[in-house]
Amino acid sequence: MTEQTPRLPVRTWLAVFSRLFAMQGAFNYETMVGNGIAFAMEPALRRLPGGPRGPAYAAALGRHSGYFNAHPYLAAVAVGALMRAELDGVPAAQIERFRVAAAGPLGSVGDRLVWAGWLPLCSSIALLAFGLGAAPVTVLLLFLGLYNVLHVGLRGWGLVVGWRHGLRVASALDAWILRRGPAHMGRATAFVAGVALPVAAHGIIGPGRALLGTVLGAVAVSAAIVTTLRGKAEGWQLAIVVLLGFTLYGVAR
Amino acid sequence: MITAELLPLAPFIVLGALLGLDVVAFPQAMISRPIVAATVAGALAGSPMSGLTIGVALEFFALEAMPFGSSRYPEWGSASVVGGVLFGRAEEGTAGAMAVAVLIALIAAGIGGTSMHLLRRLNAAVARKQQARIARGSGSAVTVVQLTGLTIDLVRAGMVTALILAVAVPLYDRILATFVLTPVISRAVVVGTASAVGLAAIWKVTQSTAGARWYLLTGLLVGFSIAWRVA
């Protein structure tokens, strides 16, 4: 690998970055995001010796469209690192080893940080805003603004850090937010969701302490039942049964 | 006949298609989350506040489903549009409006989830068909696979929205015409069910983080005192 970072034109960067948002456009059970990785890298691979008709381009595309699984946002790290490796002429075997090694961590860290951390946290903040009487447009802007700061930021950061470090990107993945972020986010989510649930519930059912107390008491019992039944049925499926029964009762009564 | 019935629903079908696409394929900016999708659909139907209210109820359910890799989960984009349209069209204070709209949205989410599972299998078939060209290094084949996946997903979400709305709109009106329980009871049952699922989902999230359960319990105490004071 060359020590000096090679340069890519701005329009190539923009093309790669915008394609990252369609990473899962052809998501499937066989190659997962493999085709998305190749699709995102393709504008940069055109700069390989021989251009888009050359053998290096053909070999690289074939390599990268195979199986690859990672969190869709953190897949940007792999895209940046693999682009750099290909343009630096790193041997194919070394690139393959990186692809195998990177997929797991980029999946698990992203899942914990984003799906189990940031998304429910932003969701809980929006629920709390609703419960405190915020207008619809405020709730929407708050949720989308907050969520996408990390979303777009992760994709951009991942691409840059992957490109800068190439196949040695593992050291960059030791960043504080990836290492400690999920745990802190988990605690913050737990607290904010705890505050948001009763406040948002009150926002829907309206005034009346007796009704609020009854509903929240029922929520505690029902939540325990849903937790007990986990693995056998999901909450939203159980809710269909409950609401179907309630609707039939409301119509037949 | 069907076309004439669907025509007034066209803006919602387009919205459902676009928001369904956001769930996985593009751009995953979470505009498909119920709290956003139902509010926008409610606004299009003439009542953003009704959209937001049902969006909040559906958001509780959505907390349960984490879109991990190849796992199967409900599709909230088009389902939330369905819920937002139905509840947004109902006159305020209509008995059963919220419970029935949430019920239909949950069923739509399940159908949408199944359609995403089928889409992934279809995407695999498309990729297999292009495999030989991709192996030879064809950039256009990679693009074809990606754009085909995106297009099919857009069509899938639009079709799910259209089919559910075509069936649900007349059915919803019929059910509400015969529903006798008060709107307050309807809302209480929805909130009770949705909050229970949401709370169980957050409880599950806390299992992987040391001490998070205490944060949740503290938060619940704080939230309950706030709600109690304003109730």
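Mentor: One term before we start: two residues are in contact if their C-beta atoms, placed from the backbone, lie within 7 Å.
Trainee: Fine. With that, what is Ile240(A) in contact with, leaving aside its neighbours within four places in sequence?
Mentor: Leu103(B), Leu106(B) and Ile107(B). Keep in mind that this is a predicted model.
Trainee: Where does Ile240(A) sit?
Mentor: In helix H10 of chain A, residues 235–252.
Trainee: Buried or exposed, that Ile240(A)?
Mentor: Buried. There are 20 other C-beta atoms within 10 Å of Ile240(A). The cut-off for buried is 20 or more, so that count qualifies.
Trainee: And how far apart are Ile240(A) and Asn148(A) in space?
Mentor: 31 Å, C-alpha to C-alpha. In sequence they are 92 residues apart.

Trainee: Let's do the interface. How many residues does the contact take from each chain?
Mentor: 92 residues from chain B and 88 residues from chain A.
Trainee: Which elements give two or more residues to the chain B side?
Mentor: Several helices, including H3 (34–44), H4 (48–62), H6 (97–129) and H8 (139–178) of chain B. H9(B) gives the most, with 17 residues.
Trainee: What is that side like by class?
Mentor: It has 61 nonpolar, 24 polar and seven charged residues.
Trainee: Back to H9(B). How many residues does it have, and what is its reach?
Mentor: H9(B) has 24 residues and reaches 34 Å from its first C-alpha to its last. That is close to the 34 Å expected at 1.5 Å a residue.
Trainee: Why call H9(B) largely enclosed?
Mentor: Because 20 of its 24 residues are buried. The rest of the structure largely encloses H9(B).

Trainee: What about the largest nonpolar core: how many residues?
Mentor: 176 residues. Those with the most contacts inside that core are Val79(A), Val82(B), Ala101(B), Val102(B) and Ile104(B). Helix H5 of chain A, residues 92–131, supplies the largest share, 18 residues.
Trainee: What does Val82(B) touch?
Mentor: Not counting residues up to four places away in sequence, its partners include Ile104(B), Ala105(B), Ala108(B), Ile164(B) and Leu165(B).

Trainee: Zoom out. How many helices and strands in chain A?
Mentor: 10 helices and zero strands. Chain B also comes to 10 helices and zero strands.
Trainee: What is the radius of gyration of chain A?
Mentor: 23 Å. The globule rule gives 18 Å for 253 residues, and 23 Å is well over that, so chain A is more spread out than a compact globule. The C-alpha box of chain A is roughly 75 × 35 × 30 Å along the principal axes.
Trainee: And what does chain B span?
Mentor: About 70 × 55 × 20 Å for its C-alpha trace.

Trainee: Where are they?
Mentor: Met32(A) is in the loop between H1 (10–20) and H2 (34–45) of chain A. Met30(B) is in the loop between H2 and H3 of chain B.
Trainee: Buried or exposed, Met32(A) and Met30(B)?
Mentor: Buried. Met32(A) has 24 C-beta neighbours inside 10 Å, and Met30(B) has 23.
Trainee: Which peptide bond is cis?
Mentor: The one from Phe26(B) to Pro27(B), with omega near -5°. Pro27(B) lies in the loop between H2 (10–24) and H3 of chain B.

Trainee: Last topic, confidence. What does chain B average?
Mentor: A pLDDT of 94, with 98% of the residues scoring at least 70.
Trainee: Where is confidence lowest in chain B?
Mentor: In helix H1(B), residues 2–6, at a mean of 66. H3(B) is highest, at 98. Where pLDDT is low, the predicted coordinates should not be read in detail.
Trainee: And the scores for the model?
Mentor: ipTM 0.95 and pTM 0.95.

How values were computed:
Residues numbered from 1 in each chain as written. Chains lettered and ligands numbered in written order. Predicted model: local features only at pLDDT ≥ 70, side-chain atom pairs only at ≥ 80, totals over all residues. Helix = DSSP H or I, 4+ residues; strand = E, 2+ residues; numbered from the N terminus. Nonpolar A, V, L, I, M, F, W, Y, C, P; charged D, E, K, R; others polar. Expected span 1.5 Å × (residues − 1). Buried ≥ 20, exposed ≤ 12 C-beta atoms within 10 Å, placed from the backbone. Core = buried A, V, L, I, M, F, W, Y, C linked by C-beta atoms within 7 Å. Rg over C-alpha atoms; globule rule 2.2 N^0.38 Å. pLDDT = per-residue confidence, 0-100.
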